[in-house]
Amino acid sequence: MNNEDLQFKSGNPGAVKHGNFINYYQFHPPENRINLLPDDIWNIGNVVDNSFVALDIGCNAGDLTASLKQFLDKATKRNCVILGVDIDNTLIDRANEKNNTNELTFKCLDVTRIKERDELFKSYLSKYNRSKFDGVFCFSTTMWIHLNHGDLGLTTFLNDISQLGEYLLIEPQPWKCYRSALKRLKSYKTIFKEYENLKMRTDVEEKIEDILMRTGRRKVWESERTKWDRKLLCFN
């Protein structure tokens with residue numbers, strides 16, 4: 001990833017191409033999502049040990065990842081360990097600086113780079129005698145995959161992450177978020193190169209759910225729409 005491609009434009013931290021906002025949790029505190037999560041759906045058969053091994057895709061500076069661990073410790077009555085990954089190395093550095101436990105691991109990763117992704121996940125899972133994660137979490141990341149890699153890139157990403165864990169919790173962005181992201185970049189004469197080619201548009205949330213269901217997943221829970229007009233979906 002070109003480091004310049006990760007920089008925000010003209011001093012505006014909201015004008016980014018990959019969702020790597022430097023002050024994200026000032027606007028979306030972790031508890032806004034944690035308070036929505038159900039605590040009664042995380043029962044997993046064939047428990048290998050007393051760990052719940054999770055993946056957080058698009059972890060930003062790690063604030064939500066840390067809160068997610070606390071929630072899962074209580075909800076699963078097991079010791080939760082989480083691998084958090086993000087495309088922006090600066091955010092990962094911040095996550096590691098704040099992290100004071102070896103139960104959270106933060107790594108810089110572009111999840112669309114399949115070889116690098118598979119190597120990291122395999123190495124991490126081997127430490128816990130797992131072939132897949134117990135839970136995969138993907139909060140407000142799908143739009144950035146979609147805008148930068150198109151319909152095919154999003155579909156491939158969804159098919160891939162569907163195979164990574166026993167549970168998958170995803171928070172898709174609705175179409176109005178795409179328009180807002182485009183508007184922010186257009187102000188600085190920058191565009192998302194795939195935007196005009198997208199076929200999944202106003203129905204993108206429904207399409208994402210349909211793609212996941214076609215992988216054999218079953219939706220077990222969804223939240224009400226939040227004040228920022230998104231909903232959380234959980235599949236197993």
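Is Y167 buried or exposed? Y167 counts as buried, because its relative accessibility is 8%, where buried means under 20% relative accessible area, exposed over 50% and partly exposed in between (1.4 Å probe, protein chains only). The model is predicted, so local features need pLDDT of at least 70 and side-chain atom pairs count only at pLDDT 80 or more, whereas totals for chains, interfaces and linings use all residues. Residues are numbered from 1 along each chain as its sequence is written, and side-chain values use heavy atoms, with hydrogens and water left out.

**Overall architecture**

- The chain holds eight helices and seven strands; helices (H or I, at least four residues) and strands (E, at least two) are DSSP runs, numbered from the N terminus.
- The radius of gyration of the chain is 17 Å, close to the 18 Å that the globule rule gives for 236 residues, so the chain is as compact as a globular protein of that length. This radius is taken over C-alpha atoms, and the globule rule is 2.2 Å times the number of residues to the power 0.38.
- Along its principal axes, the C-alpha trace spans about 50 × 40 × 35 Å.
- Of the 236 residues in the chain, 55% are buried.
- Among contacts (heavy atoms within 4.5 Å) between residues at least 6 apart in sequence, 73% join residues at least 24 apart.

**Helix α5**

- Helix α5 (residues 114-126) has 13 residues and should span 18 Å at 1.5 Å a residue, which agrees with the 18 Å between its end C-alpha atoms. The expected span is 1.5 Å times one less than the number of residues.
- R117, L120, F121, Y124 and L125 are the buried residues of α5. They cover an arc of only 120° around the axis, which puts them on the same side of α5; the arc is that of the directions from the helix axis to the C-beta atoms.
- K115, K122 and S126 are exposed on the other side of α5.
- The cover over the buried residues of α5 includes strands β1 (51-57), β2 (79-86), β3 (104-108) and β4 (133-139), together with helix α6 (142-162).

**Aromatic rings**

- Rings of Phe, Tyr and Trp (its six-membered ring) pair if their centres lie within 6.5 Å; planes under 30 degrees apart count as stacked, over 60 as edge-to-face and the rest as tilted. By this rule the count comes to 14 aromatic pairs.
- The F21 and Y24 pair is stacked, because the ring centres are 6.1 Å apart and the planes stand at 15°. F21 is buried at 12% relative accessibility, and Y24 is buried with a relative accessible area of 14%.
- The W42 and Y167 pair is tilted, because the ring centres are 5.4 Å apart and the planes stand at 55°. W42 lies in the loop between α2 (31-34) and β1 and Y167 in strand β5 (residues 165-171), so the pair ties together parts that are 125 residues apart in sequence.
- W42 is buried, with a relative accessible area of 3%.
- Ring pairs link W42, F52, F71, F137, F139 and Y167 into a cluster.
- R201 lies over the face of Y195, at 4.9 Å from the ring centre; a charge sits over a ring if NZ of Lys or CZ of Arg is within 6 Å of the ring centre and within 35 degrees of the ring normal.

**Surroundings of D134**

- D134 is placed in strand β4 and is buried, with a relative accessible area of 6%.
- Not counting residues up to four places away in sequence, D134 touches I44, S51, F52, V53, R78, E166 and Y167.
- D134 and I44 are 90 residues apart in sequence and 7.7 Å apart in space, C-alpha to C-alpha.
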